Amino acid sequence: MLVDEQASSASLKDQLKQRDQSLRKVEQEMDSLSFRNQQLAKRVELLQEELAASEAKGKKGKTKGDSPSQQGLQTQSVFDEDLQKKIQENERLHIQFYEADEQHRRQEAQLKARLDELEKDSEQHQAVVDGLTTKYMETIERLQSDKARLEVRVSSQKVHSVSCSLCSQQQLRRCQSELNRQVKQSSSVIQEKVPFNDTSEQLSAASVFSLWVQLKARDVAGQAVGFVQDLVAALLNFHSYTEQRVHIYPLDSSIEPVSPLNQKFSQYLHENAAYVRPLEDSLQQLHQSITEDTVTVLETVGKLRNFAENFSSYTHFLQKILPYQLKSLEEECETPLCTTALAVKNQELQSDMKRVTSMFEKLQNYINLLALPSVQQDAMPQSSTSAVFTQLAACLHSLHDAIKEMSKHYNQKATLEQELPTVTQKLRTTTECLLGSLGSLTNSTGKIATFFSNNLDFFTSSTGYGPRGGTVALNPLQAESMLANKKKAAAYIHAIRKPRPQSVPYREALSNRRILTSSTESREGLTQQVQQSQEKIARLEQEKEHWLLEAQLGKVRLEKENQRIADLEAQLAAALGGSPTAHTALASTLIHSQEDAETEQRATGKEATLCTSLMGDEESREQLIKTHYMARVGELTTQLQISDSKAVHFHSECRALAKRLAIAEKSRETLSEEVKLANQNITRLQDELATTKRSYEDQLSMMSDHLCSMNETLSKQREEIDTLKLGSKVQL
């Protein structure tokens, strides 16, 4: 809409200039006609005066001869003819003057009407420009406030970083001094106390931990992260500005829709951040995984596989958009305004894009080869690894050359496009941004290629890890063993600095070891003895209960026997009732008779006596046994009920805990999924924010330029309008 209005305004300006020129010509003709009319009027007056004078002379000379009268008549006829011609010419000039005056009035009326229309259009344009100016001024103020806030934040971050750097430098100095002191102390301890240098085959094949290799690997990874961040930023800008150019050239999407091919191409380019950002993230994770407490070789760096997968996905993205890039350049060649030189540059750019994509495919293959040992052990020998690193360095240089050549051809193409009559300011700005991103991409690839070549010796060296004097690769188990030995050595070095108790003599240690060995060997025997003792204790407990019952029965029998003896003695005393001598004799007789009876009883039938006594005690014994076992059964029942209640309680608690655990697991999985989705949304929103911010900045710059040009155009129009108004007032 704005471009159309600009074109119409320019055409109206041209028409106004042409009408002004025609108006000036008519004015000049009018001036010349008026001047000629004045001359003719003076000539007529002179002729009339001469005619009057001649008539007066004729009256006076009538008395003279015929010849003078004839001469006067001839002169009069000549004057009459000349006067008639002058009158006709004057009439013709009056008619021309009238027609020119009418034409001038009509043109003036038309120009006034056109001027009114132009003033109305100018007012409308001014209202639109004022609205846009207000809108963009608000946007500029908001962005300036954001910029000021970010500058304040950057300054605070700079102050914080300076303070942190000073603190880190001080800590580094302290650590260096402390490490130097520890190194000196350890060296003195090793020289004085550890004169051990075993060069047997088994020890010489052991792997050695190298702290220098770890520090060097971490430093190299950190530098690589910085270079890849620059590369990622350049790739994002290149794809974003390419997407903007597709919407502008060869067809402007704001005026007419672009082709379906370019729409699909733009859709693919809009997804570039999803393929480019993971390169930086995966390499950052690789850098974080390299610490002083790890072993960094191709077989143990698992994060390199993630970087290889992300690089492969980006390479597939380039392969997917390559046909659309080639077709887009072909569409540019098919436009009517495409010159032969511009078509040649488009063909060169097609070959450059194919070459860049092939270089990325080669890099993908080499990076996948380097990531293979972390997945499959013994996948690649050391010599092949060195060759892969060498080829990778050469491929990086080739990629830098290809991108440099593409940037040069794009610059030449942009120069040719500037000469086209239909090029707009928006296309110029987008092309300049695209060329800037290509320059950044060239610089970043050159830095990466130089960095890789400078560190190629470190990448291809086989002396950092592995067996001493060998070329066998280090596997993860050996790396774990190496780290365990390193921790033991560090613990030992840390321990020797502390005051230690007096060590055990060697002979005492040997005797203790023998005792420990014999104790270990007799462990099974002691276990068997414990089991036998437990069984014996259980058996003795049973016998104890049996003999307790027997003791109770014996006590009952004893009480009954004592009662029976007392009863017999009472009966004996009541029966005798006589003298003491007789009583004594009777008692002795009874005793002897009882003893004889008992002796006979023992001799004749001891079993009958025992059966008779047992039959008298059977009922009481059964009652006691029944009472004892009933009490025992009651105790066991109580214990069983308590155990059942505890078991039920524990079972319910276990079920409740199992349910809570399942719920917690589900909630944890749900929360982890939500966290992943939130992180993905944050990454996507950050990418969209960055893209939107860049597009807004570009649009603001373009609109600022456009506003400047519109202001200049409006000022020129105002000046011309003022000039026309003054001219019309002067004419009126």
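The secondary structure of the protein chain comes to 15 helices and 0 strands, where helices (H or I, at least four residues) and strands (E, at least two) are DSSP runs numbered from the N terminus. The model is a predicted one, in which local features need pLDDT of at least 70 and side-chain atom pairs count only at pLDDT 80 or more, while totals for chains, interfaces and linings use all residues. Residues are numbered from 1 along each chain as its sequence is written, and side-chain values use heavy atoms, with hydrogens and water left out. Of the 732 residues in the protein chain, 25% are buried, that is, under 20% relative accessible area, as against exposed at over 50% and partly exposed in between (1.4 Å probe, protein chains only). Among contacts (heavy atoms within 4.5 Å) between residues at least 6 apart in sequence, 87% join residues at least 24 apart.

Helix α6 (residues 273-289) packs against helix α7 (residues 303-333) at an angle of about 165°, with the two axes 9 Å apart; axes are lines fitted to C-alpha atoms, for helices over the stretch in contact, and angles run from 0 to 180 degrees between N-to-C directions. That angle makes α6 roughly antiparallel to α7, a term applied to angles over 145 degrees, with those under 35 counted as roughly parallel, 65 to 115 as roughly perpendicular and the rest as oblique. On the α6 side, Y275, V276, P278 and L279 are among the residues that meet α7, whose own contributions include F307, F311, Y314 and F317. By class, this contact of α6 with α7 has 11 nonpolar, 6 polar and 2 charged residues, with Ala, Val, Leu, Ile, Met, Phe, Trp, Tyr, Cys and Pro counted as nonpolar, Asp, Glu, Lys and Arg as charged, and the others, Gly among them, as polar.

Helix α7 also packs with helix α8 (residues 340-371), again at an angle of about 165° and with axes 9 Å apart, and α7 and α8 are therefore roughly antiparallel to each other. The contact of α7 with α8 comprises 18 nonpolar, 10 polar and 5 charged residues.

In helix α5 (residues 260-270), the buried residues are N262, F265, S266, Y268 and L269. These cover an arc of only 160° around the axis, which puts them on the same side of α5, the arc being that of the directions from the helix axis to the C-beta atoms. The face turned away from this buried side carries the exposed residues P260 and H270. The axes of α5 and α7 come within 10 Å and cross at roughly 145°. In this contact, F265, Y268 and L269 are among the α5 residues that meet α7, where the partners include F317, I321 and Y324.
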